[in-house]
Amino acid sequence: MQEDGDLRLQLLAYASDPDGSSSDARRLSLSRALAVRAYLIDKGIRTARFIVRAQGDRYGDGPQDRVDLSYRY
């Protein structure tokens with residue numbers, strides 16, 4: 001990302017909640033996505049280059065507790 005200024009990154013975060021609360025799962029997934037974003041900002045990537053999406057307990061394909069990264073132009 002440091003070499004290509006047009007590249008954007010989408011962070012899709014997911015989380016399970018043992019109590020079955022969708023709102024708690026969404027908050028946890030947002031917290032995860034923001035932690036990944038903070039790490040990348042510390043590495044010199046500008047904030048405007050991220051899209052953060054908290055998916056909560058809508059897992060799609062893959063493990064329940066994760067953050068997926070995808071590039072966009």
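Asp24 is partly exposed, with a relative accessible area of 31%; here buried means under 20% relative accessible area, exposed over 50%, and partly exposed in between, using a 1.4 Å probe and protein chains only. Helices (H or I, at least four residues) and strands (E, at least two) are DSSP runs, numbered from the N terminus. The side chains of Asp24 and Arg27 form a salt bridge, with N to O at 2.4 Å. By salt bridge we mean a side-chain nitrogen of Lys or Arg within 4 Å of a carboxyl oxygen of Asp or Glu. Arg27 counts as exposed, at 52% relative accessibility. An α-helix has 3.6 residues a turn, so residues three or four places apart point the same way.

Before going on, a word on the model. It is predicted, so local features need pLDDT of at least 70 and side-chain atom pairs count only at pLDDT 80 or more, while totals for chains, interfaces and linings use all residues. Residues are numbered from 1 along each chain as its sequence is written, and side-chain values use heavy atoms, with hydrogens and water left out.

Now let us look at the other salt bridges, for the structure holds 3. Arg32 and Asp65 join their side chains in one of them, at 3.0 Å from N to O. This pair links distant parts of the chain, 33 residues apart: Arg32 belongs to helix 1, and Asp65 to the loop between strand 2 and strand 3 (66-72). Arg32 is partly exposed at 26% relative accessibility, and Asp65 is partly exposed too, with a relative accessible area of 38%. Another salt bridge brings together the side chains of Asp68 and Arg66, at 3.1 Å from N to O. Asp68 is partly exposed at 27% relative accessibility, whereas Arg66 is buried, with a relative accessible area of 11%.

What about helix 1 as a whole? After the helix comes Gly44, with a positive phi near 100°.

Leu9 has Phe50 of strand 2 as its bridge partner. With helix 1 (residues 22-42), the two strands make a right-handed β-α-β unit: with the strands pointing away from the viewer, the path from the first strand over the helix to the second runs clockwise.

Finally, Gln55 lies in strand 2 and is buried, with a relative accessible area of 16%. Leaving aside neighbours within four places in sequence, Gln55 is in contact (heavy atoms within 4.5 Å) with Leu12, Ala13, Tyr14, Arg26 and Ser29.

Conventions: Pairing = 2+ DSSP bridges.
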